[in-house]
Amino acid sequence: MQEHTYVNETKEEFDVLIVGSGITGGWAAKEFCERGFSTLMIERGRVVKHREDYTGEGKPVWDKPLRSRVKLDDVNENYRIQKQCYAFNDATKQFFGNDKDLPYSTEKGTDFSWIRANQLGGKSLLWHRQSYRLSDFDFEANVKDGHGNDWPIRYDDLEKWYDHVETFAGISGSKENLPQLPDSVYQPPHELTKPEQDFKDVINTHFENIRPIIGRCAHLTKPTELQISLGRVKCMSRNECQKGCSLGAYFSTQSSTLPAAANTGNLQIAPNSVVDSLIYDERTNRVKGVRVIDNDTLAEREYFAKVVFMCASTLGSTQILLNSKSKKFPRGIANSSGVLGHYLMDHNYNASIGGTLPGYEDEFYIGRRPTGMYIPNFYYKPSLYKSNFVRGYAFATSAFREDWRQMANKQGIGVDFKKKLKHAGQWRIHMMAQGEMLPRYENQVSLHPDKKDKWGIPQLHMNVQWSDNEREMMQDAVEVGTSMLKKAGVEDIYGSANDTPPGLAIHEVGTARMGKDPKDSVLNGYNQTHDIPNLFVTDGASFCSTAVQNPSLTFMALTVRAVDYAAKEFKAGRL
């Protein structure tokens with residue numbers, strides 16, 4: 001495989017400039033490079049080399065000084081927000097942003113947890129890898145129930161692009177023929193445990209429209225020749241994922257799209273380049289390039305290209321667009337509609353239910369499976385909505401046997417207690433809701449009028465909160481989840497809903513939304529800005545609604561579809 005080419009100063013005008021190197025940036029680079037376009041990928045953070053820089057990988061917890069916990073003074077000084085992420089620990093903290101260097105503010109009475117991953121590969125190194133297609137029920141929800149604008153695309157527009165990205169990335173799962181959750185191109189699924197299979201059978205028998213399945217995830221279970229040629233092998237169920245995977249078993253920029261792009265010889269990468277703003281030529285109504293500030297030295301430089309793709313994450317791209325002001329676009333570039341920064345959304349994970357599964361003492365499992373059971377949204381169309389809220393939620397569910405981590409907190413002392421910790425405990429089952437958040441204009445991110453970061457860029461100011469619709473939805477999830485567990489014979493059931501602020505689902509979307517009408521949207525159906533032909537935004541900012549499913553697979557499909565369109569428009573001379 002070809003080595004990556006890194007640049008600092010260059011006067012070259014590239015065909016394409018891609019801001020960001022995470023899931024969407026990696027896909028944009030691969031697709032453009034394979035079509036023969038000279039491409040520059042700009043990453044604000046450091047270089048992370050596949051395998052070589054996964055320094056936390058392969059080191060067992062018991063060999064860590066604090067059993068993988070991060071020192072308290074380090075957390076309090078540098079990771080006050082990042083520590084809230086489920087994946088944050090001493091072996092993964094290198095992939096999280098330093099809160100001290102990345103400040104932002106929130107409106108009084110609100111809060112938002114912004115999880116950052118500023119390095120080559122971005123959050124593709126940290127994502128949870130759950131991969132689900134959206135359906136026409138999702139694309140049509142806004143127009144059918146009156147919340148948000150109509151998506152300018154439907155499932156048919158994305159279907160072949162879902163096929164394309166799934167075949168390359170590798171998605172494990174099973175065909176289920178569910179109307180609200182289209183099937184993917186699959187590699188063999190991971191297996192349900194015996195308690196999970198029995199739970200599934202009970203739910204299928206007693207609950208209409210509720211159909212548990214094995215979770216679909218971007219892990220190789222039967223690698224193709226192409227995947228093997230890129231150095232990827234079968235998932236070994238180690239649960240080392242967020243430390244970086246030297247096996248390349250899960251999809252990331254480093255393991256997949258970046259080597260494919262580099263193999264073409266058409267890719268160059270500019271790391272440690274914090275994008276301040278876009279360079280706009282009012283005479284031609286085109287973006288000519290970007291202004292960047294060196295991450296370390298604070299030196300300024302510029303890069304130029306004929307086409308610009310924004311793939312810097314929902315909030316990252318929005319910050320750059322808002323900060324790119326001109327006489328024609330005083331409120332931010334490509335923002336004639338005035339909606340840039342508005343309609344910020346995230347998934348709502350604020351309900352959990354669980355309990356003890358009696359029996360199954362002779363059942364266990366091999367390895368640490370990278371996925372669990374998934375219960376798709378069963379309120380997926382208006383005729384199925386509840387009376388007190390619209391839209392719906394899914395459940396991430398898993399059954400497991402207690403080990404020393406859970407049993408260490410139980411009563412006991414002495415040698416007998418320690419011996420007991422060596423053996424598997426009771427079976428437990430846990431369910432977590434993943435609810436949709438409605439698009440609302442007042443949920444907004446803007447540039448702070450006074451505060452700037454160390455690069456001199458205006459900080460983001462968040463004003464976003466849940467509505468009663470999301471709160472009612474989580475209460476319903478507790479009630480429905482409890483009824484399911486009772487029917488399955490689960491004991492010692494617990495369940496609660498909380499009001500944890502948005503952000504921790506790390507599925508923020510919506511701030512530069514697509515739409516049919518340039519008056520109420522930033523992008524058209526190809527992720528191209530209505531105002532400027534050669535400027536595209538293909539990350540989560542383009543979403544019109546959250547749907548219920550994890551968004552990353554749709555990020556990928558939207559990006560490759562946009563690249564295909566842009567490549568054709570470029571060759572036709574219309575960009």
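In which strand is methionine 41 found? Methionine 41 belongs to strand S2, which covers residues 39–42.

## Basis of the report

This is a predicted model, in which local features need pLDDT of at least 70 and side-chain atom pairs count only at pLDDT 80 or more, while totals for chains, interfaces and linings use all residues. Residues are numbered from 1 along each chain as its sequence is written, and side-chain values use heavy atoms, with hydrogens and water left out.

Helices (H or I, at least four residues) and strands (E, at least two) are DSSP runs, numbered from the N terminus. Two strands pair if DSSP finds at least two bridges between them.

## Methionine 41

Methionine 41 counts as buried because its relative accessibility is 0%. Buried means under 20% relative accessible area, exposed over 50%, and partly exposed in between (1.4 Å probe, protein chains only).

Contact means heavy atoms within 4.5 Å. With neighbours within four places in sequence left aside, the contacts of methionine 41 include Ile18, Ala29, Leu120, Leu258 and Ile269. Proline 382 lies 341 residues from methionine 41 along the chain, and the C-alpha atoms of the two are separated by 42 Å.

## Helix H7

Helix H7 spans residues 253–262, and ten of its ten residues are buried, so the helix is largely enclosed by the rest of the structure. Among these buried residues are Thr253, Leu258, Pro259 and Ala262. The buried residues of H7 pack against helix H1 (23–34), strand S2, helix H4 (155–169) and strand S7 (267–270).

## Two hairpins

Strand S8 (residues 273–281) runs antiparallel to strand S9 (residues 286–294), and eight bridges join them. S8 and S9 form a hairpin with four residues between the strands; in its turn, asparagine 285 has a positive phi of about 55°.

S9 also runs antiparallel to strand S10 (residues 300–310), to which five bridges join it. This second hairpin has five residues between S9 and S10, and leucine 298 in the turn has a positive phi of about 70°. Glycine 289 of S9 is the bridge partner of isoleucine 279, and glycine 289 also stands opposite phenylalanine 304 in S10.

## The sheet of six strands

Six strands form an open, antiparallel sheet in the order S6-S12-S13-S14-S11-S17. Its edge strands, S6 (213–214) and S17 (491–497), each pair on one side only. Within the sheet, nine bridges link S13 (residues 393–401) and S14 (residues 427–435) in the antiparallel sense. Serine 398 has histidine 430 in S14 as its bridge partner.

Helix H5 (residues 194–206) packs on this sheet, touching S11 (351–357), S12 (373–375), S13 and S14, and its direction makes about 20° with that of S12. Axes are lines fitted to C-alpha atoms, for helices over the stretch in contact, and angles run from 0 to 180 degrees between N-to-C directions. Helix H11 (residues 468–487) lies across S11, S12, S13, S14 and S17, at about 15° to S11.

## The sheet of three strands

An open sheet of three strands has the order S3-S16-S15 and mixed pairing. S3 (105–106) and S15 (444–452) stand at the edges with a single partner strand each, so one side of each is left without a neighbour in the sheet.

S15 and S16 (residues 458–463) run antiparallel and are joined by five bridges. Valine 445 has methionine 462 in S16 as its bridge partner. Helix H8 (residues 314–323) packs on the sheet and touches S15 and S16, its direction making about 60° with that of S15.
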